[in-house]
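Good morning, and thank you for coming.

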2 protein chains.
Amino acid sequence: MTCADAAPPVVDAAIVDLLGALAYAQLSGFDRLAEDARLAPTLGRRADMARLAAQQVQHFGRLAQRLADGGVDVGTAMQPFVTAVEAFHALTVPSTWLESVVKAYVGDGLAADFYREVATLVDADTRSLIDDVLAEEPRAAFAVGEVSAAVRAQPAVAGRLALWARRLVGEAVSQAQHVLAERESLLRLLMQGSGDLAAVAALTGRLTARHDDRLRALGLGGS
Amino acid sequence: MTCADAAPPVVDAAIVDLLGALAYAQLSGFDRLAEDARLAPTLGRRADMARLAAQQVQHFGRLAQRLADGGVDVGTAMQPFVTAVEAFHALTVPSTWLESVVKAYVGDGLAADFYREVATLVDADTRSLIDDVLAEEPRAAFAVGEVSAAVRAQPAVAGRLALWARRLVGEAVSQAQHVLAERESLLRLLMQGSGDLAAVAALTGRLTARHDDRLRALGLGGS
């Protein structure tokens, strides 16, 4: 309990918001990955993407359980974040299998980084849940082999995929800003470290830097 | 090992076919349940359907692993069954949430019954895999509450849903017959008990009887 003792209601609302936003991101991620699996060139690749989708549901289940333990319905907690998450997906519909693989990898990586960042800001129970989720083996590892092979075979695709990856992170940051503008409790949670908006900017900076590392792992350079 | 000692190649081909057919049924079931989840009237129901879809992927993973242990690629093993399974789904696209719930429940139940039936015909390793899959808690239990409540609130839906359920099992049997006409190894596996086609007819009869029990559990009467 970092801040809960000082101002329990605010932190509680923030934790419900945080868990609700993450839960809807997972449920919606499942939905989109399941759809993207159809773009797979082989049944084996389709199964890889299906496995990734199934893991989103497992994470969703953990978040829903944590909310239920606190007497909160996950559906209610997710509702405020449906619009922003759906807007993100509507603006980033992959048009090829490789774009869907990059989206899966980038989305999975950003989510994991974000979990790591917020783990330092939340109460012990929520932190333990986050540790559980992060303890699972790397989820979108298949993407590295898939994209690297495509880039080696056809170097021209690298530029297009790098732009795509940049668009993904741009749209994610943009939707996150919309959410924070409307959910004061979440904004206050994220500002806990320094107490001002610079903390949120620094968080965005760290997430973007790790995103660039992931792009390099995919053979897409990085900015 | 029931029959493997007497005629190993035939049984091996049949087991590969059986696991391949079940694996594609699970992967495709995942795909369709994920799509049907979008019909859900609430986020909570959508999550129920997503969980069911995720379980298909877990079962798929077990079947794929068992094939891999035998040196067989799951993609190759599934290929012969893609057409029949996709034909089944193309002919049974739910048009409402309740139709999708009935399809999930009926499909899940039929699959479980079929697993139980073939468990008596296969080698010890495959039987142990089947036991693992069946040991999981009832998967589509949420369907009973969902459909019963709808039928109580609006009794007129019962007749339409009962017809829908009958169509589902009819199309499933029809596609299974196409598959058996083309895959002699599978047909021979299923005939093992009595050595003639009557065994397959009896199996179909048992599966249909249990299907009727499930319809009654949903409050849809049964034939």
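Let us start with Arg183(A), which counts as partly exposed, because its relative accessibility is 27%. Please bear in mind that this is a predicted model.

What does the side chain of Arg183(A) meet in a salt bridge? The partner is Asp17(A), with 2.9 Å from N to O. Asp17(A) lies in helix H1 of chain A, residues 8–36, while Arg183(A) sits in the loop between helix H8 (157–182) and helix H9 (184–190), so the pair ties together parts that are 166 residues apart in sequence. Asp17(A), at 5% relative accessibility, counts as buried.

Chain B has a salt bridge between Asp17(B) and Arg183(B), where the closest N and O atoms are 2.8 Å apart. Here Asp17(B) belongs to helix H1 of chain B and Arg183(B) to the loop between helices H8 and H9 of that chain, so this pair, too, links parts 166 residues apart in sequence. Asp17(B) is buried at 5% relative accessibility, and Arg183(B) is partly exposed at 27%.

A further salt bridge in chain B joins Arg66(B) and Asp123(B), with 3.0 Å between the closest N and O atoms. Arg66(B) is in helix H2 (residues 43–69) and Asp123(B) in the loop between helix H5 (97–119) and helix H6 (124–135), so parts that are 57 residues apart in sequence are tied together. Over all chains, the structure holds 34 salt bridges.

I turn now to the nonpolar core. In soluble globular proteins, nonpolar side chains tend to be buried together. The largest nonpolar core here has 153 residues, and those touching the most other members are Val102(A), Leu220(A), Val102(B) and Leu220(B). Leaving aside residues up to four places away in sequence, Val102(A) touches several residues, including Val147(A), Trp164(A) and Leu220(A).

Finally, the contact between the chains. How many residues does each chain bring to it? Chain A gives 25 residues and chain B gives 25 residues. The area buried between them is about 2,000 Å², with 63% of it from carbon and sulfur atoms. On the side of chain B, Arg38(B), Leu43(B) and Arg46(B) lose the most area to chain A, together 28% of what that side buries.

Across this interface there are 4 salt bridges. Arg38(A) and Asp31(B) also meet in a salt bridge, at 2.8 Å from N to O. Within the side of chain B that touches chain A, H2(B) gives the most, with 12 residues. That side divides into 14 nonpolar, 5 polar and 6 charged residues.

Notes: Residues numbered from 1 in each chain as written. Chains lettered and ligands numbered in written order. Predicted model: local features only at pLDDT ≥ 70, side-chain atom pairs only at ≥ 80, totals over all residues. Heavy atoms only, no water. Core = buried A, V, L, I, M, F, W, Y, C linked by side-chain atoms within 4.5 Å. Buried < 20%, exposed > 50% of the residue type's maximum accessible area, 1.4 Å probe, protein only. Contact = heavy atoms within 4.5 Å. Helix = DSSP H or I, 4+ residues; strand = E, 2+ residues; numbered from the N terminus. Buried area = accessible area lost by both parts, 1.4 Å probe. Nonpolar A, V, L, I, M, F, W, Y, C, P; charged D, E, K, R; others polar.
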